Amino acid sequence: MAANSARTGEMDPASAALDVFAADRPQYADYSRCVHCGLCLNHCPTYRLWHVEADSPRGRIRQMMLVDQGQLALGPSYVTHIDRCLDCRACETACPSGVEYGKLVEAARAQIEQGYRRPWPARIARDWAFRRLLPQPRRIAAAARLLRMYQRSGLGRLARATGILRLLGLRDRERLLPKVDSEFFFSELGKTFPARGTRRARVALFAGCVAQVAFSELHRATIRVLQANGCEVVVPPRQVCCGALASHAGVRDVARDLARENFAAFEDGDFDAILTSAAGCGSALKEYPQLFPSGDPAREPAACFSGKVRDVTEFLASLGLTAPLGRLPLRVTYQDSCHLAHGQGIREAPRALLCAIPGVELVEMPLAEQCCGSAGVYNVTQTKTSLELLALKMDAIRETGAQVIATANPGCILQLRAGTAIHGTSQEVLHVVELLDRALVPGSP
Amino acid sequence: MPPPILHELKHQLGPEGVLYQPEDLLLYEYDGSVERGRPDFVVFPRRTEDVVAIVGAARRHGVPLVGRGAGTGLSGGAIARRGGIVVSFARMNRILDVDVENRRARVQPGVVNSDLSVAVARANLHFAPDPSSQKACTIGGNVSENSGGPHTLAYGVTTSHVLALEVVLPTGELLHLGNSAVDTPGYDLPGLFVGTEGTFGLVTEITVKLTPLPEAVQTLMAVYDTVDEATETVAEITARGITPAACEMLDGWTIRAVESFVHAGFPLDCSAILLIDLDGIREEAAAQAEETLAVCQRHGAREVRVARDGAERELLWKGRKNAFGAIGRLSPTYYTQDGVIPRTKLPVTLRRIGEIGKKYGFEIGNIFHAGDGNLHPIILFDASQEQQFRNAVAAADEIIAFCVELGGAITGEHGVGMEKDRLMPLLFSEEDLSLMRRVRDIFNPEDLLNPGKVFPVLKSCGEIRARPAPAKSGVRA
């Protein structure tokens with residue numbers, strides 16, 4: 001409780017703080033739904049690697065229950081196993097009892113954040129990343145400029161050539177870093193892009209945080225594809241990070257603040273939908289109401305906001321493609337992004353869009369629904385495990401003989417690109433929408 | 001001071017191969033059942049030699065051994081009732097050899113049931129036993145429990161699909177039972193061994209039969225206003241010599257619970273539906289489907305739907321396969337029972353179950369493998385109320401006793417384990433049990449393997465099980 005009272009100062013009204021804390025732990029109503037049938041085990045990437053209960057969904061839920069009931073310490077063992085979870089939610093797909101595991105693990109992380117003191121380097125790193133960097137667009141831009149300097153000045157090449165990265169144990173992590181864009185997407189905030197032809201919908205684009213400095217091209221491709229299919233695209237100016245990474249890490253107060261800022265940013269505008277091309281963001285945006293306990297004044301705007309959120313593939317597939325598409329003679333395999341397939345239950349839409357492109361041959365890989373190991377910041381915090389999962393994924397991809405790996409989330413794209421670099425394979429890694437963009441016939445209405 | 005056996009186990013398996021800290025052992029107290037029991041060690045062999053060494057160490061120190069696959073069992077088979085060593089076969093999960101021409105495969109015990117079917121699907125084969133947990137349960141577990149599933153009706157339970165076994169006895173002997181011939185000369189030792197619930201030996205390798213995938217499958221859903229009509233339908237289907245691959249019944253209460261979540265198109269106002277799979281070569285499946293359809297209509301089915309394509313078939317089966325989970329959404333806890341009755345006695349059994357439910361104040365849904373008389377009543381209760389837990393067990397016992405009264409059995413496919421050991425005398429005389437014990441003693445003379453299972457023992461006080469009440473905060477929130 002000491003940790004809690006230290007934190008209440010940062011939260012909203014002091015009276016609400018206690019309730020918020022009560023909600024920021026796995027709830028009996030949620031974990032008692034697990035009937036420990038074990039059907040989740042074989043779907044869990046970490047159980048498949050190590051085969052121990054402690055690193056299975058069933059075992060993790062059990063640990064949450066034991067902690068909640070005072071039979072297990074909120075200590076290093078618990079924290080280790082909860083940290084090792086990818087939060088990929090493949091177990092939710094497998095669960096016959098409808099256990100909302102994602103909700104549980106995020107609550108467990110919030111509980112750890114408040115009740116457990118991590119070693120100081122982790123505290124500093126987490127504080128910096130989740131509280132100071134991601135919520136602040138200006139800081140993201142500044143950090144990105146530094147990184148861009150490193151990548152473009154030859155410093156990066158030097159670091160790699162001299163082996164200093166390997167010495168510091170950072171070689172693989174460096175490969176996971178996004179390549180920073182020449183032109184950030186921040187400059188497009190506040191703009192409206194008209195529909196081509198008859199307007200079929202008016203949509204808002206959710207631009208995210210890191211994506212604005214590393215995936216500007218994906219955003220531009222998304223806008224072009226939407227315009228070509230009759231959508232007017234607005235990029236609301238005051239939007240901020242969705243808070244998914246903070247929320248996954250248990251830093252819920254930050255996630256709540258970001259959510260409130262986004263409610264305000266998208267409030268007016270009469271949008272048919274709020275679209276994102278990042279499955280991880282989409283899943284968090286759709287689940288905003290879960291951040292607020294019932295009775296919280298933010299619950300209603302959260303429900304209103306979340307009700308409009310659609311993944312861009314979900315939206316396009318249901319709207320129907322009208323733009324003419326040219327031929328792309330490519331063998332493509334699709335990696336399900338966990339937070340699209342398991343988090344949002346969307347599997348058909350991205351596949352249908354890929355198949356709509358003339359010339360594309362879609363070849364399924366075995367276990368396409370298994371996580372590639374990206375999992376938000378997992379590849380940074382649990383690099384070894386992440387790379388083991390990536391190696392399995394690259395094997396599965398190789399079996400398909402595909403030239404292009406399509407997926408639906410920037411995090412997955414970075415991870416799979418690192419996979420092609422580490423394993424020396426030559427596939428191109430693209431978002432589904434980027435392939436659609438390539439297939440657009442220039443000059444058609 | 002760590003016990004000397006720990007050192008021996010670590011020496012054989014490495015530090016990653018042994019768990020002994022309380023926080024880890026707490027997670028091996030349970031399986032898919034409502035039973036509990038904490039082991040002292042959990043070990044993870046990777047090869048047969050590891051298992052031989054583990055058994056040797058256990059023998060030297062007089063510590064009991066319990067085999068475990070994925071821990072999905074429903075009768076506590078993988079639980080260390082008397083403590084000791086849980087031997088997890090989860091890391092012995094390699095498919096060693098697939099012989100497509102002779103339709104067999106050699107696997108380690110930790111291979112997941114459906115993983116084998118997926119691996120051989122390209123050769124148009126599958127491993128036929130299909131328990132509901134097939135996407136997680138292991139073949140080693142299937143062998144120990146002699147598992148069945150909806151398609152047991154046509155294909156038989158696990159024992160019909162096991163050709164040979166490599167086993168380590170608690171005496172430390174390594175034996176090879178059976179061979180790859182379908183009918184082995186001499187005694188059928190694999191047949192004796194399968195279904196002994198881990199009390200004869202630890203299985204380290206299994207040679208299984210692979211079955212061709214049917215060329216065609218037809219799925220019918222028949223809707224009834226009375227359970228009697230549905231039951232009569234099943235009786236006539238059987239009498240006519242039609243062998244459905246599966247024939248499942250859901251009662252009205254279950255249908256309503258399932259439909260609100262699965263949206264399979266089950267009518268909400270009916271008393272029973274039958275889901276029937278007919279498979280075989282295309283013409284045969286079609287002819288049987290037609291005949292079955294006529295039988296359903298003759299017995300008063302108010303609607304019979306034949307799935308037009310794979311998608312519709314999958315939707316209908318989704319309703320059945322997710323039934324347990326869907327019911328679980330209605331209640332914090334449910335207790336799935338497993339009994340066998342002569343299939344013609346279903347109506348009277350369901351009436352009796354309804355009365356038992358009323359007596360204890362529980363809602364009870366029923367899913368029935370109608371073809372082979374295996375009934376699964378699902379009792380909804382709240383585990384945080386200790387009295388409710390006791391009542392749920394009492395209600396289940398009454399149901400099972402009624403099954404036996406009608407000429408049925410105490411379990412159809414979940415096994416006896418530590419759940420139904422006390423009910424064994426309902427079915428077997430002391431002479432029967434004594435013969436079984438003598439057979440067991442040939443393999444496991446010192447009761448070192450999975451003690452406290454199958455044969456009736458008195459429950460100790462600590463085993464009167466109830467979950468701890470929810471934490472205060474949970475109630476408040």
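Author: In this predicted model, chain A is divided into domain 1 (2–117), domain 2 (185–318) and domain 3 (324–439). The centres of domain 2 of chain A and domain 3 of chain A, taken over C-alpha atoms, are separated by 22 Å. Between these two domains, 22 residues of domain 2 of chain A are in contact with 22 residues of domain 3 of chain A. On the side of domain 2 of chain A that touches domain 3 of chain A, at least two residues each come from α15 (216–228), α16 (244–248), α18 (279–286) and α20 (312–319) of chain A. Sorted by class, that side of domain 2 of chain A has 11 nonpolar, 7 polar and 4 charged residues.

Chain A also touches a partner: 29 residues of chain A are in contact with 33 residues of chain B. On the side of chain B that touches chain A, α2 (22–25), α12 (323–328), β16 (333–336) and α17 (472–476) of chain B each supply at least two residues. Of the elements on this side, α17(B) gives the most, with 4 residues. The class counts for the side of chain B that touches chain A are 17 nonpolar, 10 polar and 6 charged residues.

As to confidence, chain A has a mean pLDDT of 90, and 93% of its residues reach 70 or more. Residues 1–20 of chain A, however, have pLDDT that stays under 50, and for them the model has 14 contacts beyond four places in sequence. Where pLDDT is low, the predicted coordinates should not be read in detail.

Terms used: Residues numbered from 1 in each chain as written. Chains lettered and ligands numbered in written order. Predicted model: local features only at pLDDT ≥ 70, side-chain atom pairs only at ≥ 80, totals over all residues. Domains from an automatic or database assignment. Contact = placed C-beta atoms within 7 Å. Nonpolar A, V, L, I, M, F, W, Y, C, P; charged D, E, K, R; others polar. pLDDT = per-residue confidence, 0-100.
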